[in-house]
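Me: I would like to learn how to read cavities, strand pairing, salt bridges and pockets in a model. Please take me through them one at a time.

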Amino acid sequence: MGFFSRRHAPTIESSPAVGPRTSPAASGTATAVLDPSLVALTGHWTIDRPHSRIGFSVRHAMVTTVRGAFSDYRSDLYFDGEQPSRSRAEMVIQVASVDTGVEQRDAHLVGPDFFDANRHPEMAFRSTSTVHVGDDSYRMTGDLTIRGITRPVELDLTYLGSVVDPFGFERAGFDGTTTIDRTDWGLVYNQRLEAGGAMVSEKIRLQFDISAIRAAPVA
């Protein structure tokens, strides 16, 4: 995503610890360097869905990877460029919008074996803390709710840059990833293979390719 601008000149922020991990500042060994241009990005943002992807990948039959994405979701992002620890995010996804490119597989995913969309139409992520870990890297901890079960997860985020596009929209780009065990959220369906192993891996990689647009001020 090379069209994002990058501007680097150091400022210093001390970042708090999250869980068992600590930021460089919290450990007392170093401080995380912030780009001062990030201060101008402070404010509310929304995800531009046509230019973003909220996706996942999972190993299938032990030898291939199935990839999918969700197309229907709403988001509320707040980024604090001066004190990233104040940044927060909320995303609510309609699970029936899952698309893996195979209709029969998508129908199975929204059924009772997996997401059970009739009883649990939404999954959600709500952040609880954010840490600047260095350069363009951040770690966001939050609660992920699937099938009515809420568990904590950590997202590794990379800031890609910001730009004003030809239509006058101010954009900021982030990539995010985390890996979860789907059985922790009650997604336990599987089939065993004759040669050993499972048809669907329990480990799911979540991927967030985000182009965010600054939200219009509330009148």
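Reply: What follows goes feature by feature, with the general idea before the case. This is a predicted model: local features need pLDDT of at least 70, side-chain atom pairs count only at pLDDT 80 or more, and totals for chains, interfaces and linings use all residues. Residues are numbered from 1 along each chain as its sequence is written, and side-chain values use heavy atoms, with hydrogens and water left out.

Me: How many cavities of 30 Å³ or more does the structure hold?

Reply: Rolling a probe the size of a water molecule over the atoms shows where empty space is left. On a 1 Å grid over the protein atoms alone, a cavity is a set of points where a 1.4 Å probe fits but cannot get out. Grid points are joined across faces, edges and corners, and a volume is the space filled by probe spheres set on the points. The structure has two cavities of 30 Å³ or more. The largest cavity holds about 340 Å³.

Me: Which residues lie nearest the centre of the largest cavity?

Reply: Lining residues have an atom within 4 Å of a point. The largest cavity has 21 of them, and Leu 77, Ala 89, Met 140, Leu 157 and Phe 174 lie nearest its centre. Elements giving two or more residues to this lining include β3 (43-47), β6 (73-79), β7 (88-94) and β12 (170-181). Strands here are DSSP runs of E, at least two residues; helices are runs of H or I, at least four; both are numbered from the N terminus. The largest share, four residues, comes from β7.

Me: What classes of residue make up the lining of the largest cavity?

Reply: Ala, Val, Leu, Ile, Met, Phe, Trp, Tyr, Cys and Pro count as nonpolar, Asp, Glu, Lys and Arg as charged, and the others, Gly among them, as polar. The lining of the largest cavity has 17 nonpolar, two polar and two charged residues.

Me: What is the volume of the second largest cavity?

Reply: The second largest cavity has about 120 Å³. It is lined by 13 residues, with Ile 93, Met 123, Leu 144, Leu 206 and Phe 208 closest to its centre. β9 gives the largest share of this lining, three residues. By class, the lining of the second largest cavity has twelve nonpolar residues, one polar and no charged.

Me: Now the strands. In which sense do β9 and β10 pair?

Reply: Two strands pair if DSSP finds at least two bridges between them. β9 and β10 pair in the antiparallel sense, over nine bridges. Gly 134 stands opposite Ser 137 in β10. The hairpin of β9 and β10 has two residues between the strands, and Asp 135 takes a positive phi near 55 degrees.

Me: How many bridges join β10 and β11?

Reply: β10 and β11 pair over ten bridges, in the antiparallel sense. Gly 142 has Val 153 in β11 as its bridge partner. β10 and β11 also form a hairpin with two residues between them, where Arg 147 in the turn has a positive phi of about 55 degrees.

Me: Why is β10 described as largely enclosed?

Reply: Buried means under 20% relative accessible area, exposed over 50%, and partly exposed in between (1.4 Å probe, protein chains only). Eight of the ten residues of β10 are buried, so the rest of the structure largely encloses this strand.

Me: How many salt bridges does a search of the whole structure find?

Reply: Side chains of opposite charge can pair when their charged atoms come close. A salt bridge is a side-chain nitrogen of Lys or Arg within 4 Å of a carboxyl oxygen of Asp or Glu. The search finds nine. One of them joins Glu 122 and Arg 74, at 3.4 Å from N to O. This pair links distant parts of the chain: Glu 122 is in β9 and Arg 74 in β6, 48 residues apart. Glu 122 is partly exposed at 35% relative accessibility, and Arg 74 is partly exposed at 48%.

Me: Which residue forms a salt bridge with Asp 156?

Reply: Arg 139 does, with the closest N and O atoms 3.7 Å apart. Asp 156 lies in β11 and Arg 139 in β10, so the pair ties together parts 17 residues apart in sequence. Asp 156 is partly exposed at 40%, whereas Arg 139 is buried at 15%.

Me: Are Asp 165 and Arg 171 buried or exposed?

Reply: Both are buried. Their side chains meet in a salt bridge of 2.8 Å, N to O. Asp 48, Asp 165 and Arg 171 are linked in a salt-bridge network.

Me: Last, the pocket. What is the volume of the largest pocket?

Reply: A pocket is an open set with protein on both sides within 12 Å along at least five of seven lines. The largest pocket has about 480 Å³. Of its 24 lining residues, Phe 56, Val 58, Leu 109, Phe 114 and Val 200 are closest to the centre. β4 gives the most to this lining, four residues.
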